[in-house]
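Have the sequence and the model open side by side for this one.

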Amino acid sequence: MRPKTAATLRKAAISIVLVFGLSIPLVTCNVSTTSHAANDPTAIQHTVFIIKENRSFDNYFGGFPNADGATTGLTSTGKTVALSPTPDCYQGNICNSSACAIQACDSGKMDKFDLTTGGSLEAYSQLSEKDIPNYWAYAYRFTLADRYFTSVHGPSFPNHLFTVAAQSAGVFDNENNATSGTDCTGALSGTVPAMDDNGNVTQQSPCFDIQTLPDELEKAGISWKYYASGGGILSTIRHLVNGPLLKKRTADNPQFLIDLAHGNLPAVSWILPPGGAGEHPPESSCAGENWTVSILNALMQSPEWQSTVVFITWDDFGGFYDHVPPPQVDRLGFGPRAPLLIISPFAKRGYISHTVYEQSSILKFIERRYHLQPLTARDRAASDMLDSFDFSQAPQPPLVLAPRACPAEPRGLVMPKAYTSYDND
């Protein structure tokens, strides 16, 4: 019988993930023992940026040991209230618009989240370790950042622009439902509000000519791919839509596992989850966590684990309470904190980073790794995140976790449609 090669085993392991949504440790990885300086990121050959949806730090990790979290919150009446348990499929209607984020933060007092919901306490809730045990397991083993702020004090659209461009073209809120704009294909669309340097706000079509990190990676000959149906936020970048790159460098998210199985993992990947797995309420936190586990199990059981870092982020605070005032670095942000997990053989074990990060910090890490110039003032000023790594340490082994049985979906709940581009709530 012919012995199995590493490539054969890799394909077998990924096939199990694709078919069953879970994984069995079929690959034994020989972790590199090449010596690196503690702050030398060249050990990283693959950066994976997973972008989930609409959760604040306190909503997911407020009770995590030794992190700067809270289990109580302040209200507009001066009361301190306990953060109640968040249901797995939360069906409330809390507000995460730019106006609501600014109101909730109340110039850093962090005491008016109740006013964004008409005086209710819906925003004052959180999940515990028993609700998202695998996310907490990653935090215990690898690195959790408790000073990761969203780039814009607002919702998904502008924050997704920051994940590729370190700017949002001045946009600070989601697309409206009007049809007075056109998208990058020329089709009728809504418009988005954008603010100039003088604070003037205009409504603009959701199509922009701004430079992105994918542009810089392409120029430098560094492989990259954006895994999201419809091209994600890259579908709002005019020169990408009208050129060959959008079709060439984007794919639906299942293609990530296929590329991994065939040894074609690019140097830099962005992944948006499929509909039902993004954790945007009323999506199940458990189902979203299971999807994340399936991606990480596949990576950890592949030869690529030894040279990979995965950044798992949530694009905005979702309207949920958070107690840490976001620094105000310009007219757009920062916005309230979101969770960030840093998972790599070279992530510091059990480390909680208190360094201020934002979406642009992940771009800064990639720019540092590949000697690329910053795109904007935001990534120029951002931390390169190297405090969360030790590239001279004995590399951490994989942490293969089992998916969980999720609570029954509430009767009558209609799950959101699949992500066709980016979350618009």
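What follows is a walk through the fold, the sheet, the core, a pocket and some loops.

## Ground rules

This is a predicted model, so take it as such: local features need pLDDT of at least 70, side-chain atom pairs count only at pLDDT 80 or more, and totals for chains, interfaces and linings use all residues. Residues are numbered from 1 along each chain as its sequence is written, and side-chain values use heavy atoms, with hydrogens and water left out.

## The overall picture

The protein has twelve helices and 16 strands; helices (H or I, at least four residues) and strands (E, at least two) are DSSP runs, numbered from the N terminus. Of its 425 residues, 58% count as buried. Buried means under 20% relative accessible area, exposed means over 50%, and partly exposed is in between, using a 1.4 Å probe and protein chains only.

Look at contacts (heavy atoms within 4.5 Å) between residues at least 6 apart in sequence: 77% of them join residues at least 24 apart.

## The eight-stranded sheet

Trace the open sheet in the order β12-β11-β13-β1-β14-β15-β6-β16, and you will find mixed pairing. Two strands pair if DSSP finds at least two bridges between them. The edges are β12 (250-251) and β16 (351-353), each pairing on one side only.

β14 in turn pairs with β15 (residues 340-343) in the antiparallel sense over four bridges, where I312 is partnered by L341.

## How β1 is covered

Is β1 mostly covered or mostly open? Mostly covered: seven of its seven residues are buried. In a regular strand the side chains alternate between the two faces of the sheet. Here H46, V48, I50 and K52 point one way, T47, F49 and I51 point the other way, and all are buried.

## Core packing

The largest nonpolar core has 89 residues, and F61, Y138, W270, F311, L341, I343 and F365 have the most contacts inside it. Such a core is a set of buried Ala, Val, Leu, Ile, Met, Phe, Trp, Tyr and Cys residues joined through side-chain atoms within 4.5 Å. Helix α10 (residues 285-300) gives the largest share, seven residues. There is also a second, separate core of 14 residues, which includes I94, F317, F320 and Y321.

Helix α4 (residues 133-141) is another spot to check: N134, Y135, W136, Y138, A139 and R141 are buried, and their cover includes β1, α2 (57-61), β6 (143-145), α10, β14 and β15.

## The second largest pocket

This pocket has a volume of about 260 Å³. Of its 15 lining residues, the closest to the centre are G170, M195, D197, D330 and L332. On a 1 Å grid over the protein atoms alone, a pocket is an open set of points where a 1.4 Å probe fits, with protein on both sides within 12 Å along at least five of seven lines; lining residues have an atom within 4 Å of a point. Grid points are joined across faces, edges and corners, and the volume is the space filled by probe spheres set on the points.

The lining divides into six nonpolar, four polar and five charged residues. Ala, Val, Leu, Ile, Met, Phe, Trp, Tyr, Cys and Pro count as nonpolar, Asp, Glu, Lys and Arg as charged, and the others, Gly among them, as polar.

Two peptide bonds are worth a look. P281 to P282 is cis, with omega near 10 degrees, and P282 sits in the loop between β13 and α10. G333 to F334 is cis too, with omega near 15 degrees; F334 is in the loop between β14 and β15.

N54, in the loop between β1 and α2, has phi near 55 degrees and counts as buried because its relative accessibility is 2%. H371, in the loop between α11 (359-370) and α12 (377-381), has phi of about 60 degrees, but counts as exposed because its relative accessibility is 69%.
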